[in-house]
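Dear colleague,

My findings follow directly after it.

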Amino acid sequence: MKNRKTKTELPGNKPLSYRDSHKAAEKGRAYQECYQSERWRRFLWDRERLLLSRFLDEFLSGQEIHLLDFACGTGRVVGYLETRVASSVGVDVSRSMLDVARGELKHTELIEADLTQENLLLGRRFNLITAFRFFLNAEPELRLAALRAIVPLLADDGYLVINNHRNLTSPMVFATMLYNRLRRCQGNFMFLSHMRNLVEDAGLEIVRVYPVGVLSIPRLTVPDSWNHRLDDVVLRYRFLSFLCESPIVVCRRRSAGDRGRM
Ligand SMILES: C[S@@+](CC[C@H](N)C(=O)[O-])C[C@H]1O[C@@H](n2cnc3c(N)ncnc32)[C@H](O)[C@@H]1O
């Protein structure tokens, strides 16, 4: 779901494509800085790390992991995982974002490329592919192109782990969407069902949703310990997951029988 105005525009009101949205020279530093200065982002990242670890234990325990982080940006996700995997590759189109990643990462092969235009990794296989904070803001065609590029790189028994950082069934996200509409300003929002359709069209299925970020109330600072407790409750009672703002979604290839039913 998308509103009328776009946040990032070129002179002449031509909207900047998502492919180009993080290419400005200062973007990498600014993005990294958000994770230090914004309390809610820091909290979300705490939860994401916790749940990425849980995911590894639940789905890939004891396995040798070969990781591709698509749209890796400053290397946030791959940087957290690189010491737990046998090999890691990060791919992004933005030199500015990758410059920050180069300064942070130790074991990861970083590639500046657009796999949707030229798939330099064809022939390689990864049993874990991550893509965080990408699908929500990418244009519909870019979402499809990205999945068409990365699904062939996924090992048959591998997992694609992505997130939707503005889940519309979260009451706070829903309220933000209404508020934005009133002000006629931009914002992308996505239902989990939309994400499900997207991955199913690419031959995948969702096997787990990890809830992240339940109580984000603008201008109300709640101690992090309360937020952690609340997120823990939603994690335990899965039927409450719809309340969260930024779910992590674990996908795998659909079995041959399921694909036949498409
Ligand atoms: C919001 S950042 C997320 C970075 C990182 N995944 C994270 O969660 O911190 C989105 C990234 O997608 C990248 N991107 C956009 N289009 C891309 C494409 N076609 N191929 C690879 N990366 C792309 C941008 O350059 C940007 O670094």
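Setting aside neighbours within four places in sequence, Ile129 is in contact with Leu68, Phe70, Ile150, Leu153, Leu154, Gly158 and Leu160. Please note that the model is a predicted one.

Ile129 also belongs to the largest nonpolar core, which holds 57 residues. Together with Leu68, Phe70, Ala131, Phe134, Ile150 and Leu160, Ile129 is among those that touch the most other members of this core. Strand S7 gives the core its largest share, namely 5 residues. As a general matter, nonpolar side chains in soluble globular proteins tend to be buried together.

Seven strands form an open sheet with mixed pairing, in the order S5-S4-S3-S6-S7-S9-S8. Strands S5 (109–112) and S8 (204–210) each have a single partner strand and stand at the edges, so one side of each is left without a neighbour in the sheet. On average, and with direction ignored, neighbouring strands of this sheet are turned by 20 degrees against each other.

Within this sheet, strand S3 (residues 66–70) pairs with strand S4 (residues 87–92) in the parallel sense, over 5 bridges. Phe70 stands opposite Val91 in S4, Asp69 stands opposite Gly90 in S4, and Leu67 has Ser88 of S4 as its bridge partner. In a regular strand, side chains alternate between the two faces of the sheet.

Are S3 and S4 mostly covered or exposed? In S3, 4 of the 5 residues are buried, and the strand is mostly covered. In S4, 5 of the 6 residues are buried, so this strand is largely enclosed by the rest of the structure.

Helix H2 (residues 39–59) touches strand S7 (154–163), S8 and strand S9 (248–253). The direction of H2 makes about 30 degrees with that of S9. Helix H7 (residues 192–201) packs on the sheet as well, touching S8 and S9. The direction of H7 makes about 145 degrees with that of S8.

Which residues come nearest to the ligand? Of the 19 residues around the ligand, these are His22, Ala71, Gly73, Ser94 and Phe132. Helix H3 (76–81) and S4 are the elements that give two or more residues to this shell. By type, the residues of the shell divide into 10 nonpolar, 4 polar and 5 charged.

Pro140 is found in helix H5 (residues 140–150). Pro140 has 9 other C-beta atoms within 10 Å, and this residue is therefore exposed. The C-alpha atoms of Pro140 and Leu198 are separated by 9.4 Å, although the two residues are 58 residues apart along the chain. Asn180 has its place in helix H6 (residues 171–182). Asn180 has 17 C-beta neighbours inside 10 Å and so counts as partly exposed. Asn180 and Arg229 are 49 residues apart in sequence, and their C-alpha atoms are 29 Å apart in space.

With kind regards

Terms used
Residues are numbered from 1 along each chain as its sequence is written. This is a predicted model: local features need pLDDT of at least 70, side-chain atom pairs count only at pLDDT 80 or more; totals for chains, interfaces and linings use all residues. Two strands pair if DSSP finds at least two bridges between them. Axes are lines fitted to C-alpha atoms, for helices over the stretch in contact, and angles run from 0 to 180 degrees between N-to-C directions. Two residues are in contact if their C-beta atoms, placed from the backbone, lie within 7 Å. A residue is near a molecule or strand if its C-beta atom, placed from the backbone, lies within 6 Å of it. Ala, Val, Leu, Ile, Met, Phe, Trp, Tyr, Cys and Pro count as nonpolar, Asp, Glu, Lys and Arg as charged, and the others, Gly among them, as polar. A nonpolar core is a set of buried Ala, Val, Leu, Ile, Met, Phe, Trp, Tyr and Cys residues joined through C-beta atoms within 7 Å. A residue is buried if 20 or more other C-beta atoms lie within 10 Å of its own, exposed if 12 or fewer, and partly exposed in between; C-beta atoms are placed from the backbone.
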